[in-house]
Amino acid sequence: MSATTAIDDRTRADVRAAAGVNDAMLAIGRILIAIIFVSSGIEKFMDLGATASAIGSKGLPYANVLAVLTATLEAGGGLLIIFGWQTRLAALALAIFCAVAAYYFHDFWNQPDGPQHTNNMIHFMKNVSIIGGLLMLCAAGAGRYSLDGPCIRVTDSTKLY
């Protein structure tokens with residue numbers, strides 16, 4: 001290893017520390033954002049009939065298949081994020097899912113003013129906020145405390161010399 005590479009590695013570590021990226025906070029953030037997906041996915045698995053009915057009520061095809069896929073994506077994607085394995089891919093998939101769900105299931109713009117309009121607007125904005133958090137997770141990655149992290153698999157670029 002050359003002296004330049006060692007300096008570059010330390011510089012990258014210093015830049016990361018200066019940016020305020022803390023692996024413990026990334027781990028906590030991953031868990032907190034994923035809990036909503038894991039619990040929602042489990043709920044959907046517990047009553048796939050109701051999930052399929054809700055999907056079918058929006059005129060979407062193959063409601064039974066979509067119900068299983070939705071529950072699997074939510075529960076599985078949430079667990080992947082919690083454990084930090086394929087985190088960026090799982091976060092991106094869940095962000096796209098949240099955008100689709102917000103459009104089809106929280107379409108407040110199609111409802112008259114009233115409690116249902118307000119409730120769906122709040123849920124739409126919640127989904128938009130979750131998308132923001134998931135996209136930040138896509139950018140930041142899982143951090144050191146994850147199955148993909150350098151504390152699990154040490155490569156030449158993550159070794160400290």
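This is a short tour of a predicted model, stop by stop. Residues are numbered from 1 along each chain as its sequence is written. In this predicted model, local features need pLDDT of at least 70 and side-chain atom pairs count only at pLDDT 80 or more, while totals for chains, interfaces and linings use all residues, and side-chain values use heavy atoms, with hydrogens and water left out.

**Stop 1: helix 5**

Select residues 87–105, which make up helix 5. Helices here are DSSP runs (H or I, at least four residues), numbered from the N terminus. Is A90 buried or exposed? A90 has a relative accessible area of 6%, so A90 is buried (under 20% is buried, over 50% exposed, in between partly exposed, with a 1.4 Å probe and protein chains only).

**Stop 2: the nonpolar patch**

Select L92, I96, V100, Y103, Y104, W109 and L135, which form a nonpolar surface patch of about 680 Å². Helix 5 gives the most to this patch, with five residues. Residues in a patch have over 30% relative accessible area and no salt bridge, and nonpolar side chains (Val, Leu, Ile, Met, Phe, Trp, Tyr) are joined within 5 Å. A salt bridge is a side-chain nitrogen of Lys or Arg within 4 Å of a carboxyl oxygen of Asp or Glu. Areas come from the Shrake-Rupley method with a 1.4 Å probe.

**Stop 3: the second largest pocket**

Select K44, T70, E74, F97 and A101. Of the 27 residues lining the second largest pocket, these are the closest to its centre. The volume of this pocket is about 690 Å³. A pocket is an open set of points on a 1 Å grid, with protein on both sides within 12 Å along at least five of seven lines, and lining residues have an atom within 4 Å of a point. Which helix supplies the largest share of the lining? Helix 5 does, with seven residues. By class, the lining has 17 nonpolar, five polar and five charged residues.

**Stop 4: two loops**

Most residues other than glycine have a negative phi. Select Y62, in the loop between helix 3 and helix 4; its phi is positive, near 50°. Y62 counts as exposed because its relative accessibility is 66%. Then select Q86, in the loop between helix 4 and helix 5. Q86 also has a positive phi, of about 55°, and at 37% relative accessibility Q86 counts as partly exposed.

Conventions:
Patch = residues over 30% accessible without salt bridge, like charges linked within 9 Å, V, L, I, M, F, W, Y side chains within 5 Å. 1 Å grid on protein atoms, 1.4 Å probe; cavity = no way out; pocket = protein on both sides within 12 Å on 5 of 7 lines; lining within 4 Å. Points joined across faces, edges and corners; volume = space filled by probe spheres on them. Nonpolar A, V, L, I, M, F, W, Y, C, P; charged D, E, K, R; others polar.
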